[in-house]
Amino acid sequence: MRFSKAQAYGNDFLYVPKLDVDGVSLAELAREMCDRHTGIGADGLVIYEPTDAGASMRLFNADGSRAEVSGNGARGLGALVLRRDDRADAELTIQTEAGPRRLTRTTRENTRQTFRAAMGLPADLRQVPITVAGESLQLIVMDFGNPQCVVLGPLPDQRRFQRLGAALERHQMFPESTNVEFAQADAPGQVRILIWERGVGPTTSSGTGSCAALVAAASFGGAARDAEVVAPGGAQRVEWKDDNVYLTGWAEVVCEGEWLRALPPVF
């Protein structure tokens, strides 16, 4: 089975053509391939196929659970599709289970391709009080194609991050589990975040999480609607406009190869 690996700010994904995995248990395949000790290692597995406009994708988290969309995952797929295309301002559409995401490549430097992606608009944005892991919090929750939960305020230390991230991800308030971001607005134009990814745990970056953090910080934390969102893996620009939320950042294909182990069948 052929695979490619791409990463954006350390948030890494494996990409496998759909034709190569017909009749395969994709949840089990994701767990095997994404394991960082016995597999290739990644935050998620993307099953894709080309389309006239770009590509379509299905995303599985490292634990085998499904995810509707990933900003970094879609951008990595864009980098894969366009890796041999030298056109300036190349455009493509990635079809996700949360709907289409339009990508425009703005620059290319060696292996890194920078895209401005139209990520959609948040839905059901609201503040919610909650008691979790012995703390009373005000959460900002929304649907950004996937469930998002943002905790505004000073960034937590590692112990508190681990405790709250794990507790919030699977809290009963979120029947499908949720992505969790801790966000601190340092200035109107800069928001710092830590990310607890649903089905993965701590990650160095998140595209949809960066978008959600900016929306939360602009709505309730004094940030501007156009800001740099800085995760452990680096900074991305998020612009919250009336028609869309736009995410700008890079992705790169880092390797291509073959998976040699037996594929887990669907019974």
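**The cavity and its surroundings**

Mentor: The structure holds 1 cavity of 30 Å³ or more. The model is a predicted one, and that applies to everything below. The volume of the largest cavity is about 130 Å³. Its lining is made up of 18 residues, and those closest to the centre are Leu59, Asn61, Val69, Ser70 and Glu197. By type, the lining of this cavity splits into 9 polar, 5 nonpolar and 4 charged residues. Three elements, β2 (11–17), β4 (54–61) and α4, each give at least two residues to that lining.

Take the helix among these elements. Helix α4 covers residues 207–220, which is 14 residues. Is α4 enclosed or open to the outside? Of its 14 residues, 11 are buried, so α4 is largely enclosed by the rest of the structure. The buried residues are Gly207, Thr208, Gly209, Ser210, Cys211, Ala212, Ala213, Leu214, Val215, Ala216 and Ala217.

At the start of α4, a side-chain oxygen of Ser206 comes to within 2.9 Å of the backbone nitrogen of Gly209. After α4 comes Gly222, which has a positive phi, near 85°.

Strand β2 is another of the elements that contribute to the cavity lining. Asn11 belongs to this strand. Its relative accessibility is 2%, so Asn11 counts as buried. The side chain of Asn11 has a polar contact of 3.0 Å with the side chain of Asn72.

Now the open space, for contrast with the cavity. The largest pocket holds about 260 Å³. It is lined by 15 residues, with Met142, Asp143, Pro147, Gln148 and Phe174 closest to its centre. Elements β9 (123–132), β10 (135–143) and β11 (147–152) each give two or more residues to the pocket lining. Among the contributors, β10 gives the most, with 3 residues. The pocket lining comprises 6 nonpolar, 5 charged and 4 polar residues.

Most residues other than glycine have a negative phi. Asp89 is not a glycine, yet its phi is positive, about 55°. It sits in the loop between α2 (71–81) and β6 (91–96). With a relative accessible area of 53%, Asp89 is exposed. Asn110, also not a glycine, has a positive phi of about 55°. The loop that holds Asn110 runs between β7 (99–109) and β8 (112–118). Asn110 is exposed as well, at 75% relative accessibility.

Last, the chain as a whole. It contains 17 strands and 4 helices. Of its 267 residues, 54% are buried. The C-alpha trace spans about 50 × 45 × 30 Å along the principal axes. A compact globule of 267 residues would have a radius of gyration near 18 Å, and the chain has 18 Å, so the two agree.

Methods. Residues are numbered from 1 along each chain as its sequence is written. This is a predicted model: local features need pLDDT of at least 70, side-chain atom pairs count only at pLDDT 80 or more; totals for chains, interfaces and linings use all residues. Side-chain values use heavy atoms; hydrogens and water are left out. Buried means under 20% relative accessible area, exposed over 50%, partly exposed in between (1.4 Å probe, protein chains only). The expected span of a helix is 1.5 Å times one less than its number of residues. A polar contact is a pair of N or O atoms within 3.5 Å; within protein, one must be able to donate a hydrogen and the other to accept it, and residues adjacent in sequence count only if both atoms are side-chain atoms. On a 1 Å grid over the protein atoms alone, a cavity is a set of points where a 1.4 Å probe fits but cannot get out, and a pocket is an open set with protein on both sides within 12 Å along at least five of seven lines; lining residues have an atom within 4 Å of a point. Grid points are joined across faces, edges and corners, and a volume is the space filled by probe spheres set on the points. Ala, Val, Leu, Ile, Met, Phe, Trp, Tyr, Cys and Pro count as nonpolar, Asp, Glu, Lys and Arg as charged, and the others, Gly among them, as polar. The radius of gyration is taken over C-alpha atoms; the globule rule is 2.2 Å times the number of residues to the power 0.38.
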